[in-house]
Amino acid sequence: MARPTRHVFVCSQNRPAGHPRGSCGQKGCAEVVDEFMQQWQRRQCFAQVLVTPSGCIGPCGMGPNILVYPEGVMYSNVTKADVSEIFDAHLLGGVPVERLKTTADIW
Ligand code: FES
């Protein structure tokens, strides 16, 4: 397996309603995960990018959250509509999407 240039972890954690931490699942991460998978497939960029649905990555109340390595850039409040820009600008272009970055006091 070739080592990809970037690896994106897309939080897919769900918790029961009323849980004190909330979850990305309660904030619609399922459609974000699905959009990442569909675009990854459509773009056929498997050598450059690895996409992995993950468990909780931290700031649950700001979800859906994703985390991109090797830069260690986290994005919060990601929507399905943001996924194309994340692929084009960061995952394939190498330029993080500033407007979606998790605030510095959190990450
Ligand atoms: S549930 Fe997604 S960051 Fe915690």
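Student: Which residue in E4 does Ile-66 stand opposite?
Tutor: Tyr-75. This is a predicted model, with local features needing pLDDT of at least 70 and side-chain atom pairs pLDDT 80 or more, while totals for chains, interfaces and linings use all residues. Residues are numbered from 1 along each chain as its sequence is written, and side-chain values use heavy atoms, leaving out hydrogens and water.

Student: How do E3 and E4 pair?
Tutor: Antiparallel, over 3 bridges, with E3 covering residues 66-69. Strands here are DSSP E runs of at least two residues, helices H or I runs of at least four, numbered from the N terminus; two strands pair if DSSP finds at least two bridges between them.

Student: And what order do the strands take in the sheet?
Tutor: E2-E1-E3-E4, an open sheet of 4 strands with mixed pairing. Its edge strands are E2 (49-54) and E4 (73-75), each pairing on one side only.

Student: Switching topic, how many aromatic pairs are there?
Tutor: The count is 3. Rings of Phe, Tyr and Trp (its six-membered ring) pair if their centres lie within 6.5 Å; planes under 30 degrees apart are stacked, over 60 edge-to-face, the rest tilted. One of the pairs is Phe-9 with Tyr-69, at 6.2 Å between centres and 75 degrees between planes, so edge-to-face.

Student: Which strands does that pair tie together?
Tutor: Phe-9 lies in E1 and Tyr-69 in E3, so the pair links parts 60 residues apart in sequence.

Student: What about Phe-36 and Phe-87, how are they arranged?
Tutor: They're tilted, 5.7 Å centre to centre with 40 degrees between the planes. Phe-36 sits in H1 and Phe-87 in H2 (residues 83-91).

Student: Is Phe-36 buried or exposed?
Tutor: Buried, at 0% relative accessible area. Buried means under 20%, exposed over 50%, partly exposed in between (1.4 Å probe, protein chains only).
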